[in-house]
Amino acid sequence: MTNAQQPVPLLDVPAQNAPLEAALRVAFDRVLASGRFIMGEEIDAFERESAEALEAGYAVAVSSGTDALLMALMAHGIGPGDEVIVPSFTFFATAGCVSRVGATPVFCDVCPVCFNIDPASAAERVTERTKAVIPVHLFGQCADMDAVNALAREHGLVVIEDAAQAMGARYRDKVCGTLGDGGIISFFPSKNLGGFGDGGLVVTDDGELAAKLRRLRNHGMEPKYYHPEVGGNFRMDALQAALLRVKLPHLDTYSRGRAANAADYMARLSELDGVVQADPAHCRCLDKADAAEAASPSSLVLPVAYPHNTHIWNQFTLRVPGQERRDALRDHLIEQGIGCEIYYPVPLHRQACFASLPGHALGSFPVSERLAGEVLSIPVYPELTADQREAVVRAIGFFLMGGKV
Ligand SMILES: *Cc1c(COP(=O)(O)O)cnc(C)c1O
């Protein structure tokens, strides 16, 4: 019973889970009857199944994507005195975890076209203390991993992929997570495989690293009550694993749904006056966008999926040049009952908690700062209907025409 007047949420969690209700109840009952709520068969099975889905040697199920990042840093022995390069334009956890192990997050800038780490900016930030780099596959599209891996090889850095938003995304036909020295996935309900609360995964092809992660997840304990190292309680609940096992086989279907929605937006939004598509041949180059903006004051820049990537569209993120215009479009969409969100309004180098770090000053990472003022993500979840997409496109078109029909 959708129509153009009906609100379009940014995400519709009940719509995704409703068709699976019977299977979810079966999984719940199975765990309830087993009485086994910590580790055990559900965790083992979920790890096997998710490793297979991600074409990874090993998957370690953990308490959240944030804890997965923390553990990956711990497992690689990164701590006080070490520096880790992270893009400034990402979710906080990417850098927060670096600080939490006692190391220093060193920010670098990102590409204005794909929103991901700019390898040239990362290269400028390398020092003798640099131990690792964390490329983030932001919004569901892989970063330029060939360039990141080349930089890492040159300087002997560990590469930890933050694939929290990109479960199942491919880079040159390889699933992300094992493109470097290990990667992390999040099952936060808004991610592509949305869980029932918090959950995360570390994936790697390195058996020794996987064994270490399994120990760290459980207080660094092996054997029982003997602790060769200090870990924590980073376990995923058996119940969470059982429920995620119901959804995992549908991940590809969800991704296809998101991709179809994105393709529809691309086709229809690009027909509107003043809408341009960022040119994938000009990654890291703002000129095209600037030219478009100059040509039409009502420009809107569509996201790009690189041909060598399988984008899984965790977000469909527009750029609306000019902070006031971006905020005005956001206000207009909200007024029309259309969910939207600014991911992310403050680049990490500008966060108050990082005020003492070099590179905190305004102007340090101009692309990240500019994106923070331009980006706006619109609904792209798999269950979005044609009517709902129509409502989104119409509301954007109305805005671009200055509110005149
Ligand atoms: C969601 C997210 C995380 C953290 O995952 P949680 O499961 O919420 O802890 C880390 N990095 C990025 C880029 C994310 O989007």
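A crossing is left-handed if the near helix is turned anticlockwise from the far one by less than a right angle, and right-handed if clockwise. This is a predicted model, in which local features need pLDDT of at least 70, side-chain atom pairs count only at pLDDT 80 or more, and totals for chains, interfaces and linings use all residues. Residues are numbered from 1 along each chain as its sequence is written, and side-chain values use heavy atoms, with hydrogens and water left out.

Helices (DSSP runs of H or I, at least four residues) are numbered from the N terminus. Axes are lines fitted to C-alpha atoms over the stretch in contact, and angles run from 0 to 180 degrees between N-to-C directions.

**Stop one.** The crossing of helix 3 with helix 9 is left-handed. Now show side chains: E42, I43, A45, F46 and E49 of helix 3 make contact (heavy atoms within 4.5 Å) with A238, A241, A242, L244 and R245 of helix 9. Of these residues, 7 are nonpolar (Ala, Val, Leu, Ile, Met, Phe, Trp, Tyr, Cys or Pro), 3 are charged (Asp, Glu, Lys or Arg) and none is polar (the others, Gly among them).

**Stop two.** Keep helix 9 (residues 238-247) and select helix 2 (residues 21-34). Their axes come within 9 Å and cross at roughly 150 degrees, which makes helix 2 roughly antiparallel to helix 9. This crossing is right-handed. Show A23, L24, A27, F28, R30 and V31 on helix 2, and A238, L239, A242, L243, R245 and V246 on helix 9, for the contact. It has 10 nonpolar, no polar and 2 charged residues.

Notes: Helices (H or I, at least four residues) and strands (E, at least two) are DSSP runs, numbered from the N terminus. Angles under 35 degrees count as roughly parallel, over 145 as roughly antiparallel, 65 to 115 as roughly perpendicular and the rest as oblique.
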